[in-house]
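Notebook open, model loaded. I want to go through the charged side chains and note who pairs with whom.

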Amino acid sequence: MKNEKRPHEERQFEHFNKKELMDKLIPLVENTAMRFNVVPVEIDFSKENHRWFLRIFIYSKDRQITLDDCENMSRSLGDFLDELIPFKFNLEISSPGMERKLKSDREYLIFVGRDILIKLKNGIDETYEKQFVCKIVDFDESRGLTVFLYGSKKEVLISKENIINARLYSPDL
């Protein structure tokens, strides 16, 4: 038999519409997460080393995320994802991590009440450095991030433009 090169099964899907797929995935993941009293912090579908990965980071305000939470999400999503995604992919579900870098405006709202290590372009005033630990109080897309400053024991508003980066902070680490 002649050695014929068959187009690989996944190749026919290399040019799928990722936005359309994400528009279907996001509500599915959000509804599934709601059933388990968790919130999807991030849903990422990307290709690495010729393999597709669907990574879902989940969070709960009430408790630590456990392996059971991740397994429950995986089992509940499995069949639906197999129908939505017409090629092989790897599913990874995990907690956002204790020192997660906040990547979106939405995450400031998800993590209200949590401590963050924040780095600013300009300090708040002469008593604060450009990098410090504070607690997220609120976030408004147009106004910015309201935080509680532990040193002066007051709340301040920080404009989004002044924030270089922020990450969850855990004093235990």
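Predicted model: local features only at pLDDT ≥ 70, side-chain atom pairs only at ≥ 80, totals over all residues.

Opposite charges on side chains can pair when the charged atoms come close.

I started with Asp-23 and Lys-19. Their side chains form a salt bridge, 2.9 Å from N to O. Both residues sit in helix α1 (residues 18-35), 4 residues apart, which is about one turn of the helix. Asp-23 is partly exposed at 43%. Lys-19 comes out at 57%, over the 50% cut-off, so I logged Lys-19 as exposed.

Next I looked up Glu-92 and Arg-55, whose side chains meet in a salt bridge at 2.7 Å, N to O. Glu-92 is in strand β3 and Arg-55 in strand β2 (residues 51-59), so this pair ties together parts 37 residues apart in sequence. Arg-55 has a relative accessible area of 15%, under the 20% limit, and is therefore buried. Glu-92 is partly exposed at 33%.

Then I turned to Asp-69 and Arg-63. I read 2.6 Å, N to O, for their salt bridge. Asp-69 is buried at 9% relative accessibility. Arg-63 is partly exposed at 33%.

I also found a network: salt bridges with shared partners join Glu-42, Arg-100, Lys-103 and Glu-107.

Where does Lys-103 lie? I placed it in the loop between β3 (90-94) and α3 (105-110). Lys-103 is exposed, at 54% relative accessibility. Its side chain makes a polar contact with the side chain of Glu-42 at 3.2 Å.

Notes:
Residues numbered from 1 in each chain as written. Heavy atoms only, no water. Helix = DSSP H or I, 4+ residues; strand = E, 2+ residues; numbered from the N terminus. Buried < 20%, exposed > 50% of the residue type's maximum accessible area, 1.4 Å probe, protein only. Polar contact = N/O pair within 3.5 Å; in protein donor to acceptor, adjacent residues only side chain to side chain. Salt bridge = Lys/Arg side-chain N within 4 Å of Asp/Glu carboxyl O.
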